[in-house]
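I opened the model and kept short notes on what I looked up. The entries follow in the order in which I made them.

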Protein chains: 2
Amino acid sequence: MLTGPKRTVYFTTGNKNKYLEAARIATTFQVKLKHLNWEKLEIQSQSLTEIASFAAKQAAQSTRKVVVAEDAGFFVQGLGGFPGPYSSYVFDTVGTAGILKLMRNVKSRGASFQAAVAYCEPNKRPICFTGTVRGSLASRPRGLHGFGYDPIFVPRQGDGRTFAQMSMNEKNLSSHRAKAFTKFCKWFASNR
Amino acid sequence: MLTGPKRTVYFTTGNKNKYLEAARIATTFQVKLKHLNWEKLEIQSQSLTEIASFAAKQAAQSTRKVVVAEDAGFFVQGLGGFPGPYSSYVFDTVGTAGILKLMRNVKSRGASFQAAVAYCEPNKRPICFTGTVRGSLASRPRGLHGFGYDPIFVPRQGDGRTFAQMSMNEKNLSSHRAKAFTKFCKWFASNR
């Protein structure tokens, strides 16, 4: 347990937009979140928690700072969770068109966006917080906002629009990443 | 450069069969290869060389031994190299059936198996050796031998049979892994 005045937490990500989204949430909990422009180490694992934990631990050890690292993925039930932790790579190679092609004649249309945020102090074990948005696959891409799999994902708690048919602000309010960061900030604000 | 009598090299792999295949090759070059049952660290990268190098370096540092680590993947040209470094995960989720589904209406049928073997001494930089087998995708799975993508891969230098239609011995003679290990052993035998 840290003592004394509130400590700054460094978010290790190469993606400035992810930092800005997280910082906006942190502010509402009076958590001071700074951007650590550090090339985080991503291991191969089927567990987002494991990937984020490893990255946070490695960054905390190397920089001697208190850090958070995040990992996220898109999980399609009918495809055994694919593309999961490798969502970026799969998006860059076969894309949303590939996902829809794989889904031909597959009945189950369930899908989810998941995120894990790992908090780590130097020489300590990481602590993880997760967020999930459940929904289903659209039959064809719809919408122009967002990125990645947003055009083919319809959140369950919504009006049938895909993530890409919502403004970034609207999507971020209930995103997997926002959920995980909110859990972390609540915990941090009351424990640290 | 190591001096004195020939040093033992430790192959870090959780897969006993990979070790046996590599040891068979090493023996023909009088290289002493031992099995290091060590859970190697696999990073996310699109480069097999980078993945194998990181694993070898991490194992060499942690165990203070002279090690080799290997990484391999199946690369489909018409899918932007997919599944590449994530071949195991993709095989476990969407499988060969998924690859063939993605290939519907894709003209280019080129594919390759690739392997990277990284050698590392403690406190040194890793040195890499690669092996590639070029070929094409079969229109449907054929053969019962081997594993993974073997039933849908037809090597270019062959008689039209898939890898899975060859005995393990026949396949191993010209496999990507054998090529990479042969390069390493030649180098090691003449330099160390």
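**Entry 1: how the copies meet**

I began with the interface, and 100% of the interface residues of chain B are also interface residues in chain A, so the copies meet through the same surface. I note here that this is a predicted model.

I then looked up the contacts between the chains: 16 residues of chain B touch 16 residues of chain A. Which elements of chain B give two or more residues to the side that touches chain A? They are helix 3 (87–93) and helix 4 (95–102) of chain B. Helix 4 of chain B gives the most, with three residues. I sorted that side of chain B by class and wrote down eight nonpolar, six polar and two charged residues.

**Entry 2: the axis**

Two copies of a chain are related by a rotation about an axis and a shift along it. I looked up both values here: chain B is superposed on chain A by a rotation of 180 degrees with 0.0 Å of shift along the axis, and the RMSD is 0.0 Å. The two copies are therefore related as by a two-fold rotation axis. Which residue of chain B comes closest to the rotation axis? I found B:I43, whose C-alpha lies 1.9 Å from the axis.

**Entry 3: chain A as a whole**

I counted six helices and seven strands in chain A. Along the sequence I read the pattern β-α-β-α-β-β-α-α-β-β-β-α-α. The radius of gyration of chain A is 17 Å, close to the 16 Å that the globule rule gives for 192 residues, so chain A is as compact as a globular protein of that length. The C-alpha trace of chain A spans about 55 × 30 × 25 Å along its principal axes.

I also looked up burial, and 44% of the 192 residues in chain A are buried. Of the contacts in chain A between residues at least 6 apart in sequence, 60% join residues at least 24 apart.

**Entry 4: the core**

The largest nonpolar core has 112 residues. Which of its residues touch the most other members? My list reads A:A56, A:V117, A:A118, B:A56, B:V117 and B:A118.

**Entry 5: backbone exceptions**

Most residues other than glycine have a negative phi, and most peptide bonds are trans. I looked for exceptions.

The peptide bond from A:F82 to A:P83 is cis, with omega near 0 degrees. A:P83 lies in strand 4 (residues 83–84) of chain A. In chain B, the bond from B:F82 to B:P83 is cis as well, and B:P83 is in strand 4 of chain B.

A:R64 is not a glycine, yet its phi is positive, at about 60 degrees. I found A:R64 in the loop between helix 2 (48–63) and strand 3 (67–76) of chain A. Is A:R64 buried or exposed? A:R64 has 11 other C-beta atoms within 10 Å, so it is exposed.

A:N105 also has a positive phi, of about 65 degrees, and is not a glycine. A:N105 sits in the loop between helix 4 (95–102) and strand 5 (110–120) of chain A. A:N105 counts as exposed because it has 7 C-beta neighbours inside 10 Å.

**Entry 6: a loop in chain B**

My last stop was B:K124, in the loop between strand 5 (110–120) and strand 6 (127–137) of chain B. B:K124 is exposed, with 12 other C-beta atoms within 10 Å. The C-alpha atoms of B:K124 and B:K57 are separated by 7.9 Å, while the two residues are 67 residues apart along the chain.

Methods. Residues numbered from 1 in each chain as written. Chains lettered and ligands numbered in written order. Predicted model: local features only at pLDDT ≥ 70, side-chain atom pairs only at ≥ 80, totals over all residues. Core = buried A, V, L, I, M, F, W, Y, C linked by C-beta atoms within 7 Å. Buried ≥ 20, exposed ≤ 12 C-beta atoms within 10 Å, placed from the backbone. Helix = DSSP H or I, 4+ residues; strand = E, 2+ residues; numbered from the N terminus. Contact = placed C-beta atoms within 7 Å. Nonpolar A, V, L, I, M, F, W, Y, C, P; charged D, E, K, R; others polar. Least-squares fit on C-alpha atoms with pLDDT ≥ 70 in both. Rg over C-alpha atoms; globule rule 2.2 N^0.38 Å.
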